[in-house]
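I opened this model to look up its charged pairs first, then the sheet and the helix packing. These are my notes, in the order I took them.

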Amino acid sequence: MKVTFEHFVLDTDLAELSQAGVVVAIEPQVFDLLRFLIENRERVVTKDEIVERIWDGRFVSDAAISSCVKALRKALGDDGEQQRLVRTVRGRGFRFVGAVKEPAAPQEAHPASEMETPVAPTPSHKPSVIVLPFQSLMPEGPEQILSEAVPHELIQALSRL
């Protein structure tokens, strides 16, 4: 979906922010923050919601959130004083206040009675890790136990994250 505001276009399908047709280089977390703020522009988004959505609930400092907001404002040509697009609501959170134009909903080309094509499930945005067994380069002996135990311990530790 493409959303326009001022002279920017936010393309969520391509994960790009462009300004006057030129792609603006921003970090993925900054892009996700912009998207989240625009999706919830009718209300104030709390820092806790931002942590949950952008950092998947991991512990982050207020400085990390502030840094992300500052990078977003810099990419948009905004600053903490003007707050033309991203407004800080002191003690509560942040709100996107720019005028947003969303594309009109596409007209349905097929009658409703026709079967729709199934939509493939979207992949999870959470990272995944594969731990393969180690191969011991030592001859048979007590070291062989390590080549079996270490992958098991890694899998156990990762599963607790």
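**Entry 1. Salt bridges**

I searched for salt bridges and found five in the structure. The model is predicted, and I counted side-chain atom pairs only at pLDDT 80 or more.

I started with Glu 6, which forms a salt bridge with Arg 84; their closest N and O atoms are 2.8 Å apart. Where do the two residues lie? Glu 6 is in the loop between strand 1 and strand 2, and Arg 84 is in the loop between helix 3 (62-76) and strand 6 (86-89), so the pair ties together parts 78 residues apart in sequence. I then checked accessibility. Glu 6 has a relative accessible area of 42% and is partly exposed. Arg 84 is also partly exposed, at 30% relative accessibility.

Next I looked up Arg 41, which forms a salt bridge with Glu 102, with 2.6 Å between the closest N and O atoms. This pair links distant parts of the chain, 61 residues apart: Arg 41 sits in the loop between helix 1 and strand 5 (45-46), and Glu 102 in the loop between strand 8 and helix 4 (144-159). Arg 41 is partly exposed, with a relative accessible area of 23%. I noted 43% relative accessibility for Glu 102, which counts as partly exposed.

I then went to Arg 43, whose salt bridge partner is Glu 49; the closest N and O atoms are 2.8 Å apart. Arg 43 has a relative accessible area of 30% and is partly exposed. Glu 49 is partly exposed as well, with a relative accessible area of 25%.

Finally, I traced a network of salt bridges that links Arg 35, Glu 39 and Arg 53.

In what order do the strands of the open sheet run? I read the order of the five strands as 4-3-2-1-8, with antiparallel pairing. Strand 4 (22-24) and strand 8 (100-101) are the edge strands, each pairing on one side only.

I followed the pairing of strand 1 (residues 2-5) with strand 2 (residues 8-11), which is antiparallel and runs over four bridges. In this pairing, Thr 4 stands opposite Val 9 of strand 2. The two strands form a hairpin with two residues between them, and Glu 6 in the turn has a positive phi of about 45°.

Strand 2 and strand 3 form a hairpin with four residues between them, and Ala 15 in the turn has a positive phi of about 55°.

I checked what helix 1 (residues 28-39) lies across, and listed strand 1, strand 2, strand 3 (16-19) and strand 8. Helix 1 runs at about 100° to strand 2.

How far apart are the axes of helix 1 and helix 2 (residues 47-54)? I noted 10 Å, with the helices packing at an angle of about 125°. That angle makes helix 1 oblique to helix 2. The crossing of the two helices is right-handed. I listed the residues that meet: Gln 29, Asp 32, Leu 33, Phe 36 and Glu 39 in helix 1, with Glu 49, Ile 50, Arg 53 and Ile 54 in helix 2. Glu 39 and Arg 53 are also members of the salt bridge network with Arg 35.

I turned to helix 3, whose axis comes within 9 Å of the axis of helix 1, crossing at roughly 80°. Helix 1 is thus roughly perpendicular to helix 3. The contact involves Gln 29, Val 30, Leu 33, Leu 34 and Leu 37 of helix 1, and Cys 68, Val 69, Ala 71, Leu 72 and Leu 76 of helix 3.

**Entry 2. Ile 65**

I picked one more residue of helix 3, Ile 65. Is Ile 65 buried or exposed? At 2% relative accessibility, Ile 65 counts as buried. Not counting residues up to four places away in sequence, Ile 65 touches Lys 47, Val 51, Trp 55, Val 60 and Phe 94. For Trp 55, I noted a C-alpha to C-alpha distance of 9.7 Å from Ile 65, at a separation of 10 residues in sequence.

Terms used
Residues numbered from 1 in each chain as written. Predicted model: local features only at pLDDT ≥ 70, side-chain atom pairs only at ≥ 80, totals over all residues. Heavy atoms only, no water. Pairing = 2+ DSSP bridges. Contact = heavy atoms within 4.5 Å. Axes fitted to C-alpha atoms, helices over the stretch in contact; angles between N-to-C directions. Salt bridge = Lys/Arg side-chain N within 4 Å of Asp/Glu carboxyl O. Buried < 20%, exposed > 50% of the residue type's maximum accessible area, 1.4 Å probe, protein only. Parallel < 35°, antiparallel > 145°, perpendicular 65-115°, else oblique. Left-handed = near helix turned anticlockwise from the far one by under 90°.
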